[in-house]
Amino acid sequence: MIQATGIHKTYGSLEVLKGIDLHINKKEIVSIVGASGAGKSTLLHIIGTLDKADRGQLIIDGTEASKLNDTALAAFRNKKIGFVFQFHHLLPEFTAIENICIPAFIGGMGTKEATERAGKLLDYLNLTERKDHKPSQLSGGEQQRIAVARALINEPAVVLADEPSGNLDSKSAEELHQLFFRLRDEMSQTFVIVTHNPKLAAMSDRTIAIKDGRI
């Protein structure tokens, strides 16, 4: 599913990633752990094509993403990669279902199909009754589940999550973690998660530790 080989990244004089080799299988939940500044989020951003490595090869779902131009890369990212961040980044002026549909609209999907897909995701997440609520009317856990639905709307090859439960209370965090595993089992979804949560790391199929820019 994901093959990263010899990934190097430097910011100014600071070498953040020093030759990362990483393989992630389909239907696998992988947690990336390490101290602050070790390069976890940098690696996640490179895997998510939000940032480019200085050197190295990145293959996602059979496509060598590191060779795509900016236009092709943006389209590839929209179709193949879903994102969930610590702060949900929902647009406050839009309802829950409208927020979920945004990546589908960006990808050119019609309103009818996008709305139907979003409705099914809301039903799956037991949030149908909240579909017309704006983010300010939702709890933190509900907002993050809406963010998960938004990440899933285009049926991506992989969902990347950066501290997804870091802003949630313990009950909501546990519910979110269980949701990831249910999505893996029932939808064959692949997850790569940067986390400081030891429980989530322990539950994952595999934990990868980064120290000083190396695995």
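A polar contact is taken here as a pair of N or O atoms within 3.5 Å; within protein, one of the two must be able to donate a hydrogen and the other to accept it, and residues adjacent in sequence count only if both atoms are side-chain atoms. The model is predicted, so local features need pLDDT of at least 70 and side-chain atom pairs count only at pLDDT 80 or more, while totals for chains, interfaces and linings use all residues. Residues are numbered from 1 along each chain as its sequence is written, and side-chain values use heavy atoms, with hydrogens and water left out.

By the polar contact criterion, the side chain of Arg 184 is paired with the side chain of Asp 205 at 2.6 Å. Arg 184 lies in helix α6; helices (H or I, at least four residues) and strands (E, at least two) are DSSP runs numbered from the N terminus. With a relative accessible area of 14%, Arg 184 is buried, where buried means under 20%, exposed over 50% and partly exposed in between (1.4 Å probe, protein chains only). Contacts, defined as heavy atoms within 4.5 Å, join Arg 184 to Lys 27, Ile 29, Gln 189, Phe 191 and Asp 205, leaving aside neighbours within four places in sequence.

An open sheet of four strands runs in the order β2-β1-β4-β5 with antiparallel pairing. Its edge strands are β2 and β5 (63–64), each pairing on one side only. Two strands pair if DSSP finds at least two bridges between them; β1 (residues 2–11) and β2 are antiparallel and joined by eight bridges. Lys 9 has Leu 17 of β2 as its bridge partner.

Glu 15 is also found in β2, which spans residues 14–24. This residue counts as partly exposed because its relative accessibility is 36%. Not counting residues up to four places away in sequence, Glu 15 touches His 8, Lys 9 and Thr 10. Glu 15 and Gln 57 are 42 residues apart in sequence, and their C-alpha atoms are 17 Å apart in space.

The structure holds one cavity of 30 Å³ or more. A cavity is a set of points, on a 1 Å grid over the protein atoms alone, where a 1.4 Å probe fits but cannot get out; lining residues have an atom within 4 Å of a point. The largest cavity is lined by Gly 141, Gln 144, Arg 145, Leu 168, Ser 172, Glu 175 and Leu 176. Helices α5 (140–152) and α6 (170–187) each give two or more residues to this lining.

Terms used:
On a 1 Å grid over the protein atoms alone, a cavity is a set of points where a 1.4 Å probe fits but cannot get out, and a pocket is an open set with protein on both sides within 12 Å along at least five of seven lines; lining residues have an atom within 4 Å of a point. Grid points are joined across faces, edges and corners, and a volume is the space filled by probe spheres set on the points.
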